[in-house]
Amino acid sequence: MTQPESHVPRFTYSFTCVSEETPPVVVSRSPAPDTNEVAVNSNISFEIDDNDSGVNIGTINVTIEGIHAVINGVIQSGYQGSVTPDGSGGYDVAINPGTN
């Protein structure tokens with residue numbers, strides 16, 4: 001008995017790695033880390049900066065209580081918010097989990 005021919009398509013790809021001196025950083029977080037007694041419907045916001053090559057919006061993902069609020073820089077259904085370029089190669093992210 002012969003094996004069936006594979007139906008996996010052939011493909012090629014390429015990419016370029018960028019050498020960075022400093023990795024991206026998350027700043028201006030709200031609520032601040034280790035804050036207690038934050039209302040469950042409080043907005044969540046932060047800024048992500050990268051002074052070397054800039055931030056690739058497709059790498060921004062946010063999960064709230066196990067649910068994806070942002071995937072590849074896109075606010076998901078059930079959430080309101082924004083992922084906005086900050087003018088310096090980074091992004092400001094704001095999510096209103098109270099709408100979910």
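Loops, strands and a core

Reply: Happy to. Let's begin with a loop residue: Asp-34 lies in the loop between E1 and E2. Helices (H or I, at least four residues) and strands (E, at least two) are DSSP runs, numbered from the N terminus.

Me: Before we go on, what kind of model is this, and how are residues numbered?
Reply: This is a predicted model, where local features need pLDDT of at least 70 and side-chain atom pairs count only at pLDDT 80 or more, while totals for chains, interfaces and linings use all residues. Residues are numbered from 1 along each chain as its sequence is written, and side-chain values use heavy atoms, with hydrogens and water left out.

Me: Thanks. What is the phi of Asp-34?
Reply: Phi of Asp-34 is near 65°, a positive value in a residue other than glycine. Most residues other than glycine have a negative phi, and most peptide bonds are trans.

Me: Is Asp-34 buried or exposed?
Reply: Asp-34 counts as exposed because its relative accessible area is 76%. The cut-offs are under 20% relative accessible area for buried, over 50% for exposed, and partly exposed in between (1.4 Å probe, protein chains only).

Me: Which peptide bond is cis?
Reply: A cis peptide bond joins Ser-30 and Pro-31, with omega at about -5°. Pro-31 is in the loop between E1 and E2.

Me: Let's zoom out. How many helices and strands does the protein chain have?
Reply: The protein chain has 0 helices and 7 strands. Of its 100 residues, 20% count as buried. Taking contacts (heavy atoms within 4.5 Å) between residues at least 6 apart in sequence, 40% join residues at least 24 apart.

Me: Which strands form the open sheet?
Reply: The order is E3-E4-E5, 3 strands with antiparallel pairing. Two strands pair if DSSP finds at least two bridges between them. E3 and strand E5 (74-75) are the edge strands, each pairing on one side only.

Me: How many bridges join E3 to E4?
Reply: There are 3 bridges between E3 and E4. Thr-63 has His-68 in E4 as its bridge partner, and Ile-64 stands opposite Ile-67 in E4. The hairpin of E3 and E4 has 2 residues between the strands, and there Glu-65 takes a positive phi near 50°. Glu-65 is exposed, with a relative accessible area of 79%.

Me: And what about E4 with E5?
Reply: E4 and E5 pair in the antiparallel sense over 2 bridges, with Val-70 opposite Ile-75 in E5. They form a hairpin with 2 residues between them, and Asn-72 in the turn has a positive phi of about 55°.

Me: Where does E6 go?
Reply: Strand E6 (residues 80-85) is joined to E7 by 6 bridges, and the two run antiparallel. Val-83 stands opposite Val-93 in E7. E6 and E7 form a hairpin with 5 residues between them, where Gly-87 in the turn has a positive phi of about 90°.

Me: Switching to the core: which residues touch the most other members?
Reply: In the largest nonpolar core, which has 13 residues, they are Ile-60, Val-70 and Ile-95. Such a core is a set of buried Ala, Val, Leu, Ile, Met, Phe, Trp, Tyr and Cys residues joined through side-chain atoms within 4.5 Å. Two or more residues each come from strand E2 (44-49), strand E3 (62-64), strand E4 (67-71) and strand E7 (91-96). E7 gives the most, with 3 residues.

Me: What does Val-70 touch?
Reply: Leaving out residues up to four places away in sequence, Val-70 touches Ile-60, Asn-61, Val-62, Ile-75, Gln-76, Val-83 and Ile-95.
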